[in-house]
Amino acid sequence: MKLRFFRWMVIVPAGLALLTAGCASSLTSSSPRQTTIVEGEKHLSGTVELQFDAFKNPGDRRLRLTQTPMCREMISRETVSRKQLHGVLPAIIEIGFFGLGILDLVVANAIVTNSENRTPIEDVPTGKMVPCAVVQPAADQQVIFQFSGTNTLQYGLTDANGMVELDAPPSPGETAYTNVFVRTGAAKRFAGAVWLMPAP
Amino acid sequence: MKRHFLLFHAVVLLNLLPACSVFCAEAMHFSCSAQVAEAFGKPLMQSFIETSGITVNTHISSSNLAISRLLNGFSEIAGSARALNVHEIESGLIEIPICRDPMAIIVHRDCPASSLTGDQVRRIFNGEVENWKPICGTEMPITVIVPGKDTAAFENFQRMAMHMNDIRYDYMTWKSTAAVEAVRYLPGAVSFIGHVAAYDQTDIKMLDIDGKAITDVTYPYIQTFSLVTRGKPSPQARAFIDFALSERVTNFIVTHHMFPVID
């Protein structure tokens, strides 16, 4: 009984441990490389556009327009090619007996780390726009005002300080806000809505 | 006690996981009227996604539902084919009109009529005229198909063409753009929809109204498509508004016989 216990509980596991010593590192070393695409570091592009913001001067009909250079947050995509970790289970079995399994796992892990090869593929936008310079007055910009509830448009030009005069709305009591747009070439950019009544 | 404590934290973490997938990514939730979605279509949306890197989760419904979803925080921006009411403006919603779209009176291509007067439109849609014979001389029963009462197409048509009189109909579709599908299969059918939804449909004919073609700037039934935000738009919503005002979309609007509002 004692001999059987000794055989099963000590000799067989010890034999297994000896047989599997170095297993993880040799299996990992001989494994083929596997390539995956991962996202790398984030960085900013150059200035891609200007963000305009409109603010109403309290007490009069003048609006102040500012412009903020915006950059696109980019993330680099790269291929990562490396060997895969194998033989983890036999190495764990070894640990209980001689501690050799730990060394085996460390070596196997080092093989994986050393085999890593990163190649950048492309930069893709994350969808986030980030201010990348100081806010400045939007000088000499053509501004379009569109009054709420109507399709009536008014046009104006900002001065050197980004100030522009807003004419009276077509139906003053009913116009809650005016949308402010800045013309940039053939496109327009939304600079915000300015409330003509107390904002909700 | 310790077990309960761990269980509580596990439940909290599990609840946060789906919330994170919705709000942590650079995604924008867009509730859009079926007419607006049809007008601008998938290619433009795809172009926005590719150039901006913003993922857009679009929910297509009626304008009313799209605005309701915006008000309740289910989306950052809505596309609507109707104007905001006073209550919605007081709730802080801001409407940015993008384009004006002629609302077409559509019939099956085999329908003998090619134009109607405003009065004939009213008489067809209030049930006074039930056959094409008095209009164009061909014996063919009229089947009136209307988009759902909750849609902006229905509300706009009732206001512009029917002067707020009742509309009598044979069939009603849940989605405004489904009326196009219904008309395609019924030779005597008549309906109405934002004209871009029926633009490239070979089985559908758009009728002139009072001698004015759909491309005419004085065409009588014009609805405005807008983007709506709740207060100051989020950066993603603002990028989307700017895209809608871009040269590319403006060209698309013009070439599809719509009219840009901000010009």
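This is a predicted model: local features need pLDDT of at least 70, side-chain atom pairs count only at pLDDT 80 or more; totals for chains, interfaces and linings use all residues.
Residues are numbered from 1 along each chain as written, and chains are lettered from A in the order written. Local features need pLDDT of at least 70, side-chain atom pairs count only at pLDDT 80 or more, totals for chains, interfaces and linings use all residues, and side-chain values use heavy atoms, without hydrogens or water.

**Interface**

In chain A, 27 residues are in contact with 30 residues of chain B (contact: heavy atoms within 4.5 Å). The two chains bury about 2,300 Å² between them, 56% of it on carbon and sulfur atoms. Buried area is the accessible area (1.4 Å probe) lost by two parts on being put together, summed over both. A:N151, A:K188 and A:F190 supply 27% of the area that chain A buries against chain B, more than any other three residues.

The rule finds 12 residue pairs in polar contact across the interface, both residues at pLDDT 80 or more. A polar contact is a pair of N or O atoms within 3.5 Å; within protein, one must be able to donate a hydrogen and the other to accept it, and residues adjacent in sequence count only if both atoms are side-chain atoms. Strand 9 of chain A gives the most to the side of chain A that touches chain B, with 7 residues. Strands are DSSP runs (E, at least two residues) and helices are runs of H or I (at least four), numbered from the N terminus.

The count between the chains is 3 salt bridges. A salt bridge is a side-chain nitrogen of Lys or Arg within 4 Å of a carboxyl oxygen of Asp or Glu.

**Hairpin in chain A**

Strand 1 and strand 2 of chain A pair in the antiparallel sense over 19 bridges; pairing requires at least two DSSP bridges. A:K42 stands opposite A:I75 in strand 2. The hairpin has 5 residues between its strands, and A:G59 in the turn has a positive phi of about 90°.

**Salt bridges**

The structure holds 17 salt bridges over all chains. Four of them are listed here.

| Pair | N to O distance |
|---|---|
| A:K188 and B:D263 | 3.8 Å |
| B:R82 and B:E88 | 2.8 Å |
| B:R109 and B:D110 | 3.8 Å |
| B:R109 and B:D203 | 3.1 Å |

B:R82 is buried at 10% relative accessible area, and B:E88 is buried at 6%. Buried means under 20%, exposed over 50%, and partly exposed in between (1.4 Å probe, protein chains only). B:D203 is partly exposed at 22%. B:R109, B:D110, B:E181, B:R184 and B:D203 are linked in a network of salt bridges.
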